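Dear colleague,

Please find below the structure that I am handing over to you. My notes on it follow directly after.

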Amino acid sequence: MAFHSPRIEYKTNAQMRIMQEAGELLSRALDAAVAAVAPGVTTDELDAVFAAVVDEAGAQYNFLGYHGYPKHICASVNDEVVHGIPGPRVLEPGDVVKIDGGCIVRGWNADSARTVIVGEGDPEDERLSEVTRMAMWHGIAALATAKYVGDIGDAIDDYVSSQKGKPLGILEDYCGHGIGSQMHMAPDVLNYRSKHRGPKIKPGMCFAIEPMLVRGGLETAVLEDDWTVVTTDGARASQWEHSVAVHREGIWVLTAPDGGASELSKLGVTVVPIPA
């Protein structure tokens, strides 16, 4: 019996430029949601702020209704790693909030996430978020010269493992993914070193690179809402994510206003706009 890997979608430059439009809109919507984070604000209010930006642009949502998901964003707090459903929960000083959102422009998807500390946070939570953020950027930087998808996870793992201080764990049950005409597509993008190299990197591939790190153990559970993923030991978690395009002349971060130039230049990578 023959086994076949899921088909990878290769985009044209024109299609990736539409994804860039979606990414730029998503960045603005996340900017608004992040700016609204404050003690006393509910996660439902963050959802409404995000939705208002997307609605004004006349775009569609890729989270709302996805396998029955009821909101526009995921808002995961503290030990909630991902897929937290916005609701009446009131944010408190020191909370670690993961805001994950997406949108669709003319049939093409964007997906991005950020971690926000409410007010003045625990220094270890600040470190958790910053290491996760930089792990994402190291993974993106690796994509610029990667031969295989697995090189991304190698770079993320190497960066996290090199950090001084109390070790942080990289979740293995959840990973990044391909993105394009659908939000979740082949291939999986692991956030850790693996013997599996994954498919070869080729122009037209687009990826959502999203490391998730925890301060404690790697075991997670899904709550009764069938969505919210929590750490079983109650340890706090961080998630950062960008959607990235690979074209014949280089890479471009679709969900960063400058294509990722300011962050990637620090890592020796020059981004290249998607050609017309």
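Helix 4 is largely enclosed by the rest of the structure, because nine of its 12 residues are buried (under 20% relative accessible area, with a 1.4 Å probe and protein chains only; exposed is over 50%, and partly exposed lies in between). Helices are DSSP runs of H or I of at least four residues and strands are runs of E of at least two, numbered from the N terminus. The model is predicted: local features need pLDDT of at least 70 and side-chain atom pairs pLDDT 80 or more, whereas totals for chains, interfaces and linings use all residues. Residues are numbered from 1 along each chain as its sequence is written, and side-chain values use heavy atoms, without hydrogens and water.

Among the buried residues of helix 4 are Ile152, Ile156, Tyr159 and Val160. The buried residues of this helix pack against helix 3 (123-143) and several strands, including strand 7 (185-189) and strand 8 (206-209).

Val189 is found in strand 7 and counts as buried because its relative accessibility is 0%. Among the residues that Val189 touches, not counting those up to four places away in sequence, are Ile152, Phe207 and Ala208 (contact means heavy atoms within 4.5 Å). The C-alpha atoms of Val189 and Phe207 are separated by 7.6 Å, although the two residues are 18 apart along the chain.

Finally, the UniProt record, an unreviewed entry, places "domain: Peptidase M24" at residues 18-229; such annotations may be inferred rather than shown by experiment, and positions follow the numbering used here, with feature names shortened. That span is 31% helix and 23% strand, with its end C-alpha atoms 31 Å apart.

With kind regards
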